[in-house]
Amino acid sequence: MFSRYPLEEDKHMDFWYFCAESPEFVTRCKDQTDIAVLDYLIEKYAEYKANLKSD
């Protein structure tokens, strides 16, 4: 994930927690295809990066 979508290594765990805390995490990731999960992670990546810029 991070080779294609760069993120500082010290932020990796924070990003995963950010994704998992979303109310839609289970419905978007549980029993879904790898591509569907990747699409979700890419969406969350954009949100996460935007949040970092606004801090």
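This note sets out numbered points on a predicted model of a protein chain.

1. Overall fold. The protein chain contains three helices and zero strands, and the order along the sequence is α-α-α. With a radius of gyration of 11 Å, close to the 10 Å that the globule rule gives for 55 residues, the chain is as compact as a globular protein of that length. Along the principal axes, the C-alpha atoms fill a box of roughly 30 × 25 × 15 Å.

2. Of the 55 residues in the protein chain, 22% are buried. Among contacts with a separation of 6 or more, 54% are accounted for by residues 24 or more positions apart.

3. Charge. The chain carries 7 positive and 12 negative side chains. The centres of these two sets lie 3 Å apart.

4. Aromatic residues. The structure holds eight aromatic pairs. One of them joins F2 and W16 in an edge-to-face arrangement, with 5.5 Å centre to centre and 65 degrees between the planes. The classification as edge-to-face follows because planes over 60 degrees apart are counted in that class. F2 lies in the segment before α1 (12–20) and W16 in helix α1, so this pair ties together parts that are 14 residues apart in sequence. F2 is buried, with a relative accessible area of 17%, whereas W16 counts as partly exposed at 33%. Ring pairs also link a cluster made up of F2, Y5, F15, W16, F18, Y45 and Y48.

5. F18 in helix α1. F18, a member of that cluster, is placed in helix α1. Not counting residues up to four places away in sequence, F18 touches K44, E47, Y48 and N51.

6. K44 in helix α3. Is K44 buried or exposed? K44, which lies in helix α3, is buried, with a relative accessible area of 6%. The cut-off for this class is under 20%, so the value for K44 falls within it. Leaving aside neighbours within four places in sequence, K44 is in contact with F15, F18, C19, S22 and E24.

7. L41 in helix α3. L41 is also assigned to helix α3, which spans residues 34–54. L41 is buried, with a relative accessible area of 12%. Its contacts, not counting residues up to four places away in sequence, are M1, F15, W16 and C19. The C-alpha atoms of L41 and D55 are separated by 21 Å, and these residues are 14 apart along the chain.

8. E47 in helix α3. E47 is found in helix α3 and counts as partly exposed at 36% relative accessibility. E47 is among the residues touched by F18. Between E47 and M1, which are 46 residues apart along the chain, the C-alpha separation is 15 Å.

9. C29 in helix α2. C29 belongs to helix α2 and counts as buried at 16% relative accessibility. With neighbours within four places in sequence left aside, C29 is in contact with V37 and Y40. C29 and D10 are 19 residues apart in sequence, and their C-alpha atoms are 24 Å apart in space.

10. Backbone at D31. What is the phi of D31? D31 has a positive phi of about 60 degrees, although D31 is not a glycine. Most residues other than glycine have a negative phi. D31 is placed in the loop between α2 (25–29) and α3. D31 is exposed, with a relative accessible area of 72%.

Definitions and conventions
Residues numbered from 1 in each chain as written. Predicted model: local features only at pLDDT ≥ 70, side-chain atom pairs only at ≥ 80, totals over all residues. Heavy atoms only, no water. Helix = DSSP H or I, 4+ residues; strand = E, 2+ residues; numbered from the N terminus. Rg over C-alpha atoms; globule rule 2.2 N^0.38 Å. Buried < 20%, exposed > 50% of the residue type's maximum accessible area, 1.4 Å probe, protein only. Contact = heavy atoms within 4.5 Å. Lys, Arg positive; Asp, Glu negative; His and termini not counted. Charge placed at Lys NZ, Arg CZ, Asp CG, Glu CD. Phe/Tyr/Trp six-rings, centres within 6.5 Å; stacked < 30°, edge-to-face > 60°.
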